Amino acid sequence: MTAPVRRFVQPVYLLYICAGLCLAFISLYPTFFLFYGSVRSAPLGVAGHLSASNYIRVYSDPETYKLVANTLIFAAGASGLSVIFALALAWITVRTNAPFRGLLELTAVIPNIMPSLLVAISWVLLLNPTNGIVNQLSLSLFGLAPFNIYGIPGLIFVESLVLSPLAYLIIAAALRGMDPSLEESAKTSGSNELGVALRITFPLIRPAVLAAATLNFVRAAESFDTPAIIALPARIELFTTKMFREAIGSFPTNHNLAATYGVGLVALVFVFVYLYRRFTAEVERFATVTGKGFRPHQIDLRGWKYLASLTALSILVLMVILPFLTLVLVSLMPFYQTLSRAALEALTLRHYVNLFQDDRIYSAFRNSLFLAITGATVCILFAAMISYLTVKTKVIGRGLLEALAFIPWAFPGTALAIGILWAYINFPIPIYATLWILMVAYITRYLPYGLRAVSSVIVQIHKDLEEASATCGAGLWTTLRRILFPLMRPGIVAGWIILATFFIREFSCSIFLYSPGAEPLGPLIYFYYEEGSFGAMAGVGVMTMLVSVLLVAATRGLTKGRAIA
Amino acid sequence: MTKIRIACALLLFVFLSPNRAYPDVAGAKKEGRVTIYGSLETSTMNLLEKLFKQKYGVDIDYWWGSSTKVTDRITTEFRAGKQLFDVTLNHRPLLKIMKKEGIVGKLNSPAFKFFPAEVFDSEVGPAYRNVVIGIIYNESHIKPADAPKSYEDLLAPKWKGKFVMADPTRHTTTTQWLASMPKIMGKEKADRYIKGLAAQRPVLADSITPASQKILTGEVPIGFAFTKYIAIYGKEGAKLDYVKVEKMLGDGQYMGISSKPQHPNAAQLFIDFFLSDEGMKILADVGETVTRKGVYPAYKDADKIKFMDVDELDEAGFAAKSKEYKDIFLK
């Protein structure tokens with residue numbers, strides 16, 4: 001057997017080939033259809049020819065560049081603010097002795113399970129300039145109604161609240177997995193707590209912060225939920241709102257144009273993936289989990305600890321408590337109305353009673369739970385495998401795997417759904433019009449989220465551990481099972497929770513791909529919103545959150561004690 | 001004898017034809033389900049489904065979307081050789097496009113005779129409902145005596161910036177609705193009226209549902225919205241009313257049957273049930289302005305509304321009107 005052949009029959013190369021083929025298929029197959037659609041003069045299935053007309057139409061329009069600028073401002077603002085919120089929360093709850101931090105930590109995960117559409121609607125109810133609840137209160141107390149949600153600042157604020165929980169999970173996982181010896185060395189050398197935090201702790205968690213910021217930047221750039229509720233009435237044009245209105249929401253629908261916008265966003269996201277990879281190129285610099293036993297110490301804030309708890313609580317009031325209470329209030333109203341004595345007297349549990357009587361709601365919950373549990377498990381295991389190959393091995397072309405995983409991520413959900421629809425409608429395995437096409441779509445679209453969650457932990461695992469394992473005679477599988485997998489567990493659990501909570505409320509792909517009889521919760525909530533049945537929508541929303549909390553709690557309960565201490 | 005044989009064969013052919021008007025109930029039961037893609041609200045379809053299943057033991061699989069999305073899904077499936085829907089509830093122009101492409105077949109039903117001639121389209125059959133757009137107001141915030149009495153009253157200074165409507169540069173039904181104003185007030189007056197509306201700087205919503213929500217909550221207590229909301233929210237205790245003007249415009253909604261239905265008997269059974277007195281009363285009960293003779297929506301003076309269908313606009317027509325309204329509403 002020649003040396004190159006021997007190399008390719010090594011387990012790591014076999015793993016690489018299998019993962020690469022799977023990834024290439026789920027990623028490139030729908031992407032090909034989208035790209036092909038963008039250079040065609042007619043929809044697929046209709047006679048047409050190759051043409052650059054869609055690109056000319058999009059990029060010769062000066063408004064496109066204005067939209068891109070608006071989108072960049074919105075995405076950078078929302079991503080930056082979300083990381084600030086998440087960093088403050090994560091540091092207080094994970095690393096300090098602030099009181100009630102356990103409760104605060106649990107609360108911080110809740111908004112991750114709030115459908116973002118509902119968060120945006122809640123904030124409109126609270127801060128709209130005419131009869132927003134906060135403005136009404138302020139008017140009666142101070143004679144002023146100072147807030148107006150309908151503007152770029154309002155849009156950035158709400159989106160940052162939607163994005164913060166994801167950043168929190170990633171940053172908190174990195175903070176938990178840190179080696180304290182570096183901090184202890186700094187303290188021994190005379191540095192105070194603040195100096196340690198600024199010079200040691202934050203630089204060490206930089207990959208996680210960058211991962212969270214990159215994720216949230218792209219998530220905001222391709223987000224449509226919050227812009228649909230705030231940007232459209234505020235007449236702020238973003239890439240996604242323009243794309244939705246002119247390509248998907250228009251008459252007649254122009255999928256080819258939608259595909260063209262999608263390809264543009266892919267290019268934009270690739271720039272960010274490249275930048276991200278440059279930031280984290282020297283992974284050794286961030287390796288903090290070594291063979292030594294570790295437990296990050298808690299910083300004693302002394303008298304400041306109450307202020308820290310109050311700060312975390314204030315962030316959580318904005319992120320969770322206010323929107324959740326608003327949602328509960330709306331779910332108790334027979335119809336959506338201004339807060340008044342008459343409105344309070346008319347409160348009813350009717351929408352909750354209906355939850356247990358409507359077969360359609362039951363079926364949607366069953367479908368979404370199946371997709372969340374099965375889909376998140378498959379997705380996170382796949383992500384762990386890819387993450388291991390890209391971060392921990394020197395396999396030739398490993399960067400390609402990550403690039404492949406990121407391609408579908410760059411497409412707004414609706415555009416990706418078109419690619420998936422075109423790709424799988426006539427696929428030899430008949431998954432179209434079943435729950436399985438939704439699962440394929442979710443895994444394709446959300447794999448990078450799992451990847452980021454696992455990667456931010458895996459880059460901190462020093463290669464000494466694998467080398468020690470190999471020296472002791474362990475093979476790839478034993479090293480994975482005995483060393484890497486247990487160390488990756490916090491990232492895997494965090495990633496699973498992120499994915500499961502995304503899947504249970506997924507909307508943008510589902511709305512296009514679901515079929516009668518295979519309807520998940522996302523479209524059901526959207527229908528109620530579109531029909532103006534806000535009470536029913538809020539009822540299903542609150543119940544979705546409750547189910548998600550139980551799911552997260554069960555996962556944490558099952559994995560408690562197994563996580564690395 | 002030969003003539004009798006031909007007549008028998010013809011009768012047999014008619015009887016066995018998948019699009020025949022008299023469905024085979026046993027056949028429908030055997031098929032077990034009917035797949036419908038439509039823009040009718042899911043809550044209304046749930047009510048229809050309950051009764052339909054109770055009567056015939058046939059399930060309804062319903063895929064809801066805006067008319068554009070429904071058409072998009074149907075055409076994409078058709079082009080891929082998969083016609084999964086049996087019946088669609090949709091807009092006339094979109095049904096005509098689908099008819100032209102051979103996606104929908106000829107619709108027929110014994111219930112047709114209960115629909116007035118003026119709601120029939122020669123290609124796609126009768127409109128089963130008209131989604132009427134009127135001036136709706138919240139009585140908790142505006143006393144009926146203070147409410148406008150005509151379209152023109154909204155141009156009074158006291159309503160400047162105080163009413164809501166869907167953005168006519170974005171919302172296609174509203175684009176069509178404004179473009180059809182000449183039908184009720186003549187071209188010159190309509191042109192002046194539209195400019196007057198724009199000069200009033202109305203609050204613009206993304207579509208009619210959010211506009212109606214603003215009226216309902218009192219955020220903007222008056223505006224243009226679907227009259228059906230008066231009945232829908234009235235049942236929940238909301239105090240909404242509408243300005244009774246002589247003529248009102250709205251959007252006709254039609255239905256189509258697949259040219260190759262998967263469940264032909266169940267599809268025909270549903271169409272007959274839907275257009276029956278029973279089916280139409282379910283729609284009227286939730287405030288829909290149905291077109292079947294003698295069935296009226298459940299709000300005051302609904303039987304007196306003189307409804308006029310909005311004009312259809314083609315792609316170029318939409319673009320031109322959208323630009324025109326952009327210049328006056330968004331300047």
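Me: How much area do chain B and chain A bury between them?
Reply: In this predicted model, chain B and chain A bury about 4,100 Å² between them, 55% of it on carbon and sulfur atoms, where buried area is the accessible area (1.4 Å probe) that two parts lose on being put together, summed over both.

Me: Which residues of chain B lose the most area to chain A?
Reply: They are W64(B), R170(B) and E219(B), and together these make up 16% of what the chain B side buries.

Me: And which elements of chain B touch chain A?
Reply: Among those giving two or more residues are strand 1 (33-38), helix 3 (42-56) and helix 13 (315-329) of chain B, with helices (H or I, at least four residues) and strands (E, at least two) being DSSP runs numbered from the N terminus. The largest share, 7 residues, comes from helix 4 of chain B.

Me: How many salt bridges cross the interface?
Reply: The rule, which asks for a side-chain nitrogen of Lys or Arg within 4 Å of a carboxyl oxygen of Asp or Glu, finds 0 across the interface of chain B and chain A.

Me: New topic: where is confidence lowest in chain B?
Reply: By pLDDT, the predictor's confidence in each residue from 0 to 100, helix 1 (residues 2-16) of chain B is lowest at a mean of 53, while helix 11 (residues 264-275) of chain B is highest at 96. Where pLDDT is low, the predicted coordinates should not be read in detail.

Me: What about the model's scores?
Reply: The model has ipTM 0.70 and pTM 0.76.

Terms used: Residues are numbered from 1 along each chain as its sequence is written. Chains are lettered from A and ligands numbered from 1 in the order in which they are written. This is a predicted model: local features need pLDDT of at least 70, side-chain atom pairs count only at pLDDT 80 or more; totals for chains, interfaces and linings use all residues. Side-chain values use heavy atoms; hydrogens and water are left out.
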